[in-house]
Amino acid sequence: MTGSQPPPAVHRPPPAPAALTGVAVALSVACAYAVGLTLSALPLDPPHLWDALSRGSFLAHPPLRFVASCVPAFALALLLALRVSRPVADPPPPFASPWRRLSVTLAPLLLTPFALAQDDTARRPALVAVLFGAAVALAAWLAPPADRDETPAPSPWREHAPVIAIIAAHAVLFSALAITRDHAVWSASVDLGIFKEALWNTLHGRVMFSPTVGYSFLGEHFSPVLFLLVPFYALSPTSECLLIIQTVAVSLAAWPVYLVARDLGLRRVTATLLAAAMLASPPLHTALLYDFHMDLLAAPALAWLVLALTRRRFLQAFVAVALLVSVKEDMFIPAVGALLACALPGNARDRKWSAALGVAAVGWCLFAMAVLLKRYGPPPGVPVYMSDGNEPQGYKFLRNFRHLAGPGGPVGHLLGQPLRYVLWAFTESRLTTFLTLLAPVGFTSLLAGWRVTLLMPLGIILLSDNPEIVALRYHYSAIQHPGVYLAAAFGIAALVTRARDPRRAERAVGVYVLVAAMMLVATHPSSLAAHTNPTDTRAVTPHTRTVDRLAALVPALVPVSSSTWIGPRFSNRPWGALFPNGLDRADWVVVDLQRPAWPANVDGRDSTLLHLMRSGFGAVAVSDGVVVLQRGRSPQGNPEAVRQLFANRRYEVEGTEQTEFPNCSVADASASDGRARVVTPDEPRPAGWMVFGPFIRLPQGRWRVTFRLRARRAGAVRDEIGFVDVFRQPGVTMARRDLTPSMFPSNAWRDVTLDVNIDEPGGAGGLEFRVRTERNWELGADVITLSPAGDQDAAVRSFIVGG
């Protein structure tokens with residue numbers, strides 16, 4: 001009998017036993033609690049951590065709110081648990097049992113609270129990222145989805161479209177953020193202004209001369225790469241020009257990383273994730289959003305060098321080496337690392353070219369240090385820029401490695417005491433930096449074999465005794481990233497090649513990189529996405545528009561001394577100085593009292609301004625804490641300037657860096673400057689000062705301090721909101737007022753006032769006007785104003801005469 005054959009039966013894996021499912025749910029609940037507790041306590045230093053833990057299982061958070069914060073972690077854990085609990089064809093031999101797969105997969109999430117044992121709060125996010133990445137990677141390895149071959153893209157454009165889109169998006173986003181920061185008056189003379197000065201003066205015949213430095217910038221760092229920027233600056237002599245060039249350069253460094261990974265046989269998705277993780281690295285956020293530095297131009301040059309060496313295109317490698325060492329005189333370190341990564345595992349031709357290029361790179365940089373820096377350095381009578389007077393003889397920046405000074409020099413110390421310096425490199429904040437850089441790639445950079453020499457730039461960080469370098473503040477992380485991620489590409493390729501199931505291994509590594517990078521972006525203090533980022537959101541406000549309006553009153557090309565945050569607006573001129581420097585030569589002075597006083601202190605800045613108004617400078621304009629003075633101008637407007645600047649001061653709370661709650665500045669149309677600092681009960685940081693400082697001096701008399709605040713219960717159970725006070729260093733509370741619920745019947749802004757008496761005939765210094773939150777209620781602080789409680793004219797006269 002003939003007839004149609006019945007369709008083949010579809011094989012479906014049997015469902016997981018009910019007991020296994022129940023255990024999966026129970027473990028997921030435990031994981032959710034562990035993760036919720038960890039993320040809530042992540043930014044707490046040890047004393048505040050123990051205090052929070054002593055308050056109960058929910059760290060004193062409202063139970064429902066804490067449970068709600070655990071829901072995403074529960075969903076992730078349950079998804080992973082159910083995934084690995086299902087029967088799997090051909091599982092890795094040790095993990096045939098679903099019970100073992102379940103326990104191994106969820107173990108990293110259960111272990112997350114152990115990250116809190118680290119006293120260094122900046123180290124914890126890297127450990128949490130490793131644990132999250134490990135959990136998801138284990139799930140991908142133990143229960144991978146059905147694998148399909150990658151379909152060849154019909155064109156190179158479509159094949160590379162994802163990484164190109166990521167690079168473009170990164171360039172646009174960080175260019176916009178850097179430009180907004182500049183427009184918000186947070187770029188500084190040191191360092192954006194210095195580079196604008198050098199390029200502008202080069203265009204006008206004075207080679208890389210910087211008035212702020214006092215001589216050619218080539219005598220500070222020999223950086224001929226800056227000459228490549230001169231044509232661009234001629235077309236657009238603006239801050240935006242340099243900030244865009246810098247950001248695009250760093251973004252483009254991801255392209256060689258992607259191509260090297262593809263050349264090593266990694267799949268497109270893995271190569272794309274590696275490039276994206278590098279651009280997403282939180283320390284790179286800091287480098288990109290701290291003015292302009294030529295160091296960042298080295299990132300694409302180093303990445304291109306490794307790509308050229310990998311493809312054995314040695315003429316391209318020569319150009320890349322030339323660009324790299326033209327960035328700065330110490331760039332022989334990453335250059336030698338890349339060349340060793342080619343020579344050690346390579347053939348005779350690789351070694352020949354690498355040796356020649358290495359000798360050229362080292363020779364050029366030593367020549368620059370020994371000869372060219374001195375040639376362009378300070379002429380007789382001009383001090384060395386930002387010298388502390390204790391630099392080692394020879395190269396100024398060996399001061400960042402003072403513990404390596406002495407007989408034998410750095411090399412002698414490292415070879416003579418290797419164990420000491422290995423222990424030094426992997427302790428304290430240096431270990432934190434090491435973990436932060438390598439955690440997103442799962443430490444696969446260390447599996448790169450001989451190509452681990454790509455990590456040589458890490459030596460700058462791990463051997464330094466300069467805490468700013470070690471902590472990757474400012475621009476110091478830029479040159480580390482290409483080496484870390486290129487070495488990771490080689491390490492991943494080696495790992496995948498040795499794996500029993502290469503596709504399964506590569507998929508696991510790919511999801512690890514994705515999840516670890518995302519967790520680091522979400523939690524690391526350097527990340528823009530982290531609530532605990534140490535800087536506020538930068539925004540253009542009425543105050544910043546006032547700065548631009550008053551800066552426009554200063555004629556072009558005249559000598560001007562300006563406070564550091566306004567300085568870049570006056571860089572395109574033959575001479576300028578960083579206030580309070582250069583006052584003997586400056587004809588104009590522009591100072592913003594709403595911004596930090598660096599390099600002076602507040603008392604020094606204020607006393608210098610008052611001295612100028614007594615000594616031949618007249619006020620051209622004053623508004624919202626910004627003053628423009630001109631030499632020889634009539635002093636008729638000076639009393640009103642003193643009244644606004646000193647007798648009737650205003651401090652925008654969100655405009656100061658003196659806070660324990662940075663990154664809590666929010667847009668608020670009802671606030672005086674359109675923004676306010678607001679701390680909510682969900683804030684992960686402990687109770688503390690929303691604002692402190694500004695450490696000013698007031699003359700004798702009675703003064704009134706007004707705090708513009710608002711508060712909202714926001715579900716709080718406790719009534720302790722916080723308090724305001726006037727505090728005098730060191731340790732005297734001159735006035736205080738507790739903030740109580742009855743003071744805030746609504747969420748509207750209201751004024752809270754304190755009166756203080758200054759009895760000393762010479763006045764009192766070190767005064768702070770502080771707002772403290774107990775983090776129970778939502779508390780907002782807008783502006784603090786100071787005014788005389790008595791005769792205003794008498795107060796103005798006391799400032800003018802120095803009483």
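I sorted the lining of the largest cavity by class and got three nonpolar, six polar and seven charged residues. Nonpolar here means Ala, Val, Leu, Ile, Met, Phe, Trp, Tyr, Cys and Pro, charged means Asp, Glu, Lys and Arg, and polar means the others, Gly among them. The model is predicted, with pLDDT of at least 70 required for local features and 80 or more for side-chain atom pairs, while totals for chains, interfaces and linings use all residues. Numbering runs from 1 along each chain as its sequence is written, and side-chain values use heavy atoms, without hydrogens and water.

**Cavities**

I found four cavities of 30 Å³ or more in the structure. A cavity is a set of points on a 1 Å grid over the protein atoms alone where a 1.4 Å probe fits but cannot get out, and its lining residues have an atom within 4 Å of a point. Points are joined across faces, edges and corners, and the volume is the space filled by probe spheres set on them.

For the largest cavity I noted a volume of about 150 Å³. I counted 16 lining residues there, and Trp186, Thr541, Arg595, Glu654 and Gly655 lie nearest the centre.

The second largest cavity holds about 70 Å³ of space. I listed 13 residues in its lining, with Ser189, Glu197, Ser562, Gly567 and Ala577 closest to the centre. By class I have five nonpolar, seven polar and one charged residues in that lining. I then asked which elements each supply at least two residues of the lining of the second largest cavity. They are helix H7 (189–203), strand E3 (560–562) and strand E4 (576–578). Helices (H or I, at least four residues) and strands (E, at least two) are DSSP runs numbered from the N terminus.

**Hairpin**

I looked up strand E14 (residues 722–728) and strand E15 (residues 732–739), which pair in the antiparallel sense over seven bridges. Pairing requires at least two DSSP bridges between the strands. Val726 has Ala735 of E15 as its bridge partner. Three residues lie between the two strands of this hairpin, where Gly731 takes a positive phi near 100°.

**Backbone exceptions**

Most residues other than glycine have a negative phi, and most peptide bonds are trans. I logged these exceptions.

I found a cis peptide bond between Trp598 and Pro599, with omega about 10°. Pro599 sits in the loop between strand E5 (588–592) and helix H25 (602–614). The bond from Gly693 to Pro694 is also cis, omega being near 10°. I placed Pro694 in strand E12 (residues 694–698).

Tyr474, not a glycine, has a positive phi of about 60°. I located Tyr474 in the loop between helix H21 (467–470) and helix H22 (480–498). Arg775 has a positive phi near 65° and lies in the loop between strand E17 (764–773) and strand E18 (778–788).

Are these two side by side in class, buried or partly exposed? Tyr474 is partly exposed at 27% relative accessible area, whereas Arg775 counts as buried at 17%. Buried is under 20% and exposed over 50%, with partly exposed in between (1.4 Å probe, protein chains only).

**Whole chain**

I counted 27 helices and 18 strands in the protein chain. The radius of gyration is 30 Å, close to the 28 Å of the globule rule for 803 residues, so the chain is as compact as a globular protein of that length. The radius is taken over C-alpha atoms, and the rule is 2.2 Å times the number of residues to the power 0.38. Along the principal axes, the C-alpha atoms fill a box of roughly 115 × 70 × 60 Å. I noted 53% of the 803 residues as buried.

Technical notes
On a 1 Å grid over the protein atoms alone, a cavity is a set of points where a 1.4 Å probe fits but cannot get out, and a pocket is an open set with protein on both sides within 12 Å along at least five of seven lines; lining residues have an atom within 4 Å of a point.
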